[in-house]
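Hi,

Here is the structure I promised to pass on.

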Amino acid sequence: MPIIILIVVLGLLRYFEIGPVANLSWWWIAALFGVAFIWFEFIEPLFGLDKRKAHDEMERIRTERVKKTFEKKPPRW
């Protein structure tokens, strides 16, 4: 995610010609797009990082559900 933010910030700074980024070639920003594409399409799935995030989210939901179930108080008759 930080690389996406960097691409957007550099793109905006280059487009509006702000600071030292004004003289930066568009090829550098395009290269960052390529790096982001390679990361999200090949490297992340290769190491299972995408599935780890999904697994962590499912584990969090499961623990909340279990906690909520066992915290219920029995009805008083």
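This is a predicted model: local features need pLDDT of at least 70, side-chain atom pairs count only at pLDDT 80 or more; totals for chains, interfaces and linings use all residues.

Residues are numbered from 1 along each chain as its sequence is written, and side-chain values use heavy atoms, with hydrogens and water left out.

Start with the core. The largest nonpolar core has 6 residues: I7, L10, V21, I29, L32 and A36. (Such a core is a set of buried Ala, Val, Leu, Ile, Met, Phe, Trp, Tyr and Cys residues joined through side-chain atoms within 4.5 Å; buried means under 20% relative accessible area, exposed over 50%, and partly exposed in between, with a 1.4 Å probe and protein chains only.) Helix α2 gives the most to this core, with 3 residues. (Helices are DSSP runs of H or I, at least four residues, numbered from the N terminus.) Leaving out residues up to four places away in sequence, I7 touches I29, L32, F33 and A36, where contact means heavy atoms within 4.5 Å.

F37 also sits in α2. Its relative accessible area is 49%, so F37 counts as partly exposed.

Then there is the helix pair. α2 (residues 26–47) packs against α3 (residues 49–71) at an angle of about 70°, with the axes 5 Å apart. (Axes are lines fitted to C-alpha atoms over the stretch in contact, and angles run from 0 to 180 degrees between N-to-C directions.) W39, E44, P45 and F47 of α2 meet L49, D50, R52 and K53 of α3.

Cheers

Terms used. Helices (H or I, at least four residues) and strands (E, at least two) are DSSP runs, numbered from the N terminus.
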